[in-house]
Amino acid sequence: MSDSKSRTVPLSKRGLNFETLMWYFTRLSALAMYALMLFALIGALVMGARNQMNFADVMRWAFMPNAAHVQSTNVPDLAPWATTFWKAVAGLLLFVASSHGVHGLVVIADDYIPGKGARKVIRLLSIVMLASVTAIGLYVLWTS
């Protein structure tokens, strides 16, 4: 029976490469999404969303604080959602969530696409998709 010791590489020999940075990005962007959702939910509660609020309203405010969402609810006095600050928070959440998701899709695609050229094409298409969806989302957020 062989002795299987776990292999550890000291930090000084690991180096800082693109894969390490993307590993950190994935973890930090997930934490940023949680923090932004909690911030938006606390903001909604502070601004008076404690009454006549159902679970759908809570999730809508947590995932995408947007003045157009609040107007369709039973709580009419939440005009502060229309401020530039909350639009910026919603835009930041949109960017972090979409870039986190696109990075996950690229990592999965890399596992199944054997050719190096095909992987580059998928990465390029993913970047174009990320830029397009983020631009459309920001347009909707800032013009509503």
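Tutor: A helix here is a DSSP run of H or I at least four residues long, a strand is a run of E of at least two, and both are numbered from the N terminus. The model is predicted: local features need pLDDT of at least 70 and side-chain atom pairs count only at pLDDT 80 or more, while totals for chains, interfaces and linings use all residues. Residues are numbered from 1 along each chain as its sequence is written, and side-chain values use heavy atoms, with hydrogens and water left out.

Student: How many helices and strands are in the chain?

Tutor: From the N terminus on, the elements run α-α-α-α-α-α. The count is six helices and zero strands.

Student: What percentage of the residues in the chain is buried?

Tutor: Buried means under 20% relative accessible area, exposed over 50%, and partly exposed in between (1.4 Å probe, protein chains only). Of the 144 residues in the chain, the buried part is 31%.

Student: Which term describes how helix 2 and helix 3 lie to each other?

Tutor: The axes of helix 2 and helix 3 (residues 55-63) come within 7 Å and cross at roughly 125°; axes are lines fitted to C-alpha atoms over the stretch in contact, and angles run from 0 to 180 degrees between N-to-C directions. Under 35 degrees is roughly parallel, over 145 roughly antiparallel, 65 to 115 roughly perpendicular, and the rest oblique. Helix 2 and helix 3 are therefore oblique.

Student: What is the handedness of the crossing of helix 2 and helix 5?

Tutor: Helix 2 and helix 5 pack at about 145° with their axes 9 Å apart. A crossing is left-handed if the near helix is turned anticlockwise from the far one by less than a right angle, and right-handed if clockwise. Helix 2 passes helix 5 in a crossing that is left-handed.

Student: How does helix 5 lie relative to helix 6?

Tutor: Helix 5 (residues 84-112) and helix 6 (residues 116-143) have axes that come within 10 Å and cross at roughly 165°. That angle makes the pair roughly antiparallel.

Student: What distance separates the C-alpha atoms of F95 and T134?

Tutor: F95 lies in helix 5 and is partly exposed, with a relative accessible area of 44%. F95 and T134 are 39 residues apart along the chain, and their C-alpha atoms are separated by 6.2 Å.

Student: What distance separates the C-alpha atoms of G101 and T26?

Tutor: G101 is in helix 5, and at 32% relative accessibility it counts as partly exposed. G101 and T26 are 75 residues apart along the chain, with their C-alpha atoms separated by 9.1 Å.
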